[in-house]
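Here are my notes on the two-chain model. Please read them with the structure open.

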Amino acid sequence: MSSDHESLLEDLLAGEHRALARVISKIENRSPGYRDLVSELYAHTGEADVIGITGSPGAGKSTLVDKLAETYRERGETVGIIAIDPSSPFTGGAVLGDRIRMGSTVGDMDVFVRSMSARGTLGGLSTATADAVKAMDAFGKDKVIIETVGAGQNEIDIVRTADTVTVLVPPGSGDAVQTLKAGILEIADVFVVNKADRDGADRTVRELRDMIQLGEGGGTGGAGGGGHHSQEVIDAHDDWDPEDDEDGDEDEGWTPPIVETVATKGEGVEAFIDALEDHQRYLVDSGTRAVMTRQRYAEEIRTLLREDVHAMLEDRLAAAGGVDELVEAVRKGETDPYTIAADVLAPVEECVDELELEDSVSEE
Amino acid sequence: MSTESEQQTIRCMVAKVGLDGHDRGAHVIARAFRDAGFEVIYSGLHKAPEEIVQAAVQEDVDVLGISILSGAHDTLIPKIMNGLEEYGAKEDTLVLAGGVIPEEDRAELREDGVAEIFGPGTSIEETVEFVRENAPKR
């Protein structure tokens, strides 16, 4: 690691806000050497509770996050917030506006708000977000909150980096079918019906409750933690006690609670925090947290490998004269994408085969 | 690793400080910056200098554009500059001022570290170009 990065890391661990801000920039920019920096962060992480908050635009996420941060601060805990907004697919530009609605904690540096945008990379945002969470964790934040608009797969990846996922559902957001088809509901550990003082809030709560019960009874994995239970069992096979599982199967799962809030007035925030704490406790007691941590590391390793392979392929493509000529050849009907992919990759495959051959020879 | 591709994006904060309630110009600038491919953090109206400093430091912006129409620039902007200095952020933040700022006050603001002052009638292209050329390389 360069001496610049070393002193930056030292400053971050010493609690200097400027250093934390700069480290997150390096992560976002993928500045040369940022990976070494993040590697070093790992040793200092694991203390923070990571809370993800998602929901449709206008659901009141930022306002709720603001009140949540305020309440944590009153309890003497420090907070980091990562607010994610979309960026333009055309210019890469973005207006990051969530900060505006976070006024309760202004002037308090122990609430560290950082806005991030997608910057258009495939899967890159979830990696960058996870790394930024690590920076805040290592810095010593007790709670790290990730806020993102729930619009698609990318956002689901992001909130998955959190221990507890909250989905905000505004009143009157459609009938039961609407709620069922939106895939984002499946990842919720806690539901919040915000703007609970509005007409239709009761109905929304009722519909959510029906949906959760449906998911539980039907075993279709419709709602919450129950859905990924089987995967958990498989992944945790090394400490799986079949007898334990038999009598514990029914009451072991997590049923997402529904909390009603009026974020603008701070109503229901305490109940929301209780629900978050219940879930954290459940994660620890049921051993799910350990399983999740393992899954997350596995996913991080896979993502990094994918990114590296992707970059190597781009290099190969550049070495083969760039994509333009190849595209032109396809357009003229001289070849097709499948043939090109096979041709470009052939030398790589050969290399890998040779390596395997060498390995088996040296083993003998 | 050689395969890392750097993705530096210019980050700007467009700030309204003090009591003036007109933010049309700030909105226009924010949109223009966005369309130029920058990441823009808009502060919202009626912000205190400390709030602007806090946001600029946490967001690690390359550029801080302060829009002032109220005439309070000669008290508010120095406060922001001092705040940035306190966090060691004054050196590598490009600070711009815009709005109604009389000619006779400009020298002092420049001395304080404001890189450029854009008065009424400045073209958007000019501002974007200035940011592109002068945003700190990190």
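This is a predicted model: local features need pLDDT of at least 70, side-chain atom pairs count only at pLDDT 80 or more; totals for chains, interfaces and linings use all residues.

At what angle do α2(B) and α3(B) pack, and how far apart are their axes? Point 1 takes this up.

1. α2(B) and α3(B) pack at an angle of about 40 degrees. Their axes are 9 Å apart. The crossing of α2(B) past α3(B) is right-handed.

2. The residues behind that packing can be named. From α2(B) come B:Pro49, B:Ile52, B:Val53 and B:Ala56. From α3(B) come B:Leu76, B:Lys79, B:Ile80, B:Gly83 and B:Leu84. By class, the contact of α2(B) with α3(B) holds seven nonpolar residues, one polar and one charged.

3. Look next at how α2(B) is covered. The helix spans residues 49-58 of chain B, and nine of its ten residues are buried. The buried set includes B:Glu51, B:Gln54 and B:Gln58 as well as B:Ile52, B:Val53 and B:Val57.

4. What do the buried residues of α2(B) pack against? Both chains contribute. From chain A there are α2 (17-29) and β4 (111-117). From chain B there are β1 (11-16), β3 (63-68) and α3 (73-86).

5. The stretch after α2(B) deserves a look. B:Glu59 sits in the loop between α2 and β3 of chain B. Is B:Glu59 buried or exposed? Its relative accessibility is 0%, so B:Glu59 counts as buried. B:Asp60, which also follows α2(B), has a positive phi, near 50 degrees.

6. B:Glu59 has partners in both chains. Setting aside neighbours within four places in sequence, B:Glu59 is in contact with A:Arg99, A:Val113, A:Arg114 and A:Ser115 in chain A. In chain B, the partners of B:Glu59 are B:Arg11 and B:Ile41. B:Ile41 lies 18 residues from B:Glu59 in sequence, with their C-alpha atoms 8.3 Å apart.

7. Now chain B as a whole. Chain B has five helices and five strands. Read from the N terminus, its elements run β-α-β-α-β-α-β-α-β-α. The radius of gyration of chain B is 14 Å, close to the 14 Å given by the globule rule for 138 residues, so chain B is as compact as a globular protein of that length. Its C-alpha atoms fill a box of roughly 50 × 30 × 25 Å along the principal axes.

8. Of its 138 residues, 54% are buried. Take contacts between residues at least 6 apart in sequence: 71% of those in chain B join residues at least 24 apart.

9. An annotation bears on chain B. An unreviewed UniProt entry lists residues 9-138 of chain B as "domain: B12-binding". Over that range the chain is 44% helix and 19% strand.

10. Chain A has 14 helices and eight strands. Of its 364 residues, 46% count as buried. Among its contacts between residues at least 6 apart in sequence, 76% join residues at least 24 apart.

11. The axes of α1 (residues 3-13) and α3 (residues 34-42) of chain A come within 11 Å and cross at roughly 35 degrees. The crossing of α1(A) and α3(A) is right-handed. A:His5, A:Leu8, A:Leu9 and A:Leu12 of α1(A) meet A:Tyr34, A:Leu37, A:Glu40 and A:Leu41 of α3(A). This contact of α1(A) with α3(A) counts six nonpolar residues, one polar and one charged.

Notes: Residues are numbered from 1 along each chain as its sequence is written. Chains are lettered from A and ligands numbered from 1 in the order in which they are written. Side-chain values use heavy atoms; hydrogens and water are left out. UniProt positions are given in the numbering used here, feature names are shortened, and annotations may be inferred rather than shown by experiment. Helices (H or I, at least four residues) and strands (E, at least two) are DSSP runs, numbered from the N terminus. Axes are lines fitted to C-alpha atoms, for helices over the stretch in contact, and angles run from 0 to 180 degrees between N-to-C directions. A crossing is left-handed if the near helix is turned anticlockwise from the far one by less than a right angle, and right-handed if clockwise. Contact means heavy atoms within 4.5 Å. Ala, Val, Leu, Ile, Met, Phe, Trp, Tyr, Cys and Pro count as nonpolar, Asp, Glu, Lys and Arg as charged, and the others, Gly among them, as polar. The radius of gyration is taken over C-alpha atoms; the globule rule is 2.2 Å times the number of residues to the power 0.38. Buried means under 20% relative accessible area, exposed over 50%, partly exposed in between (1.4 Å probe, protein chains only).
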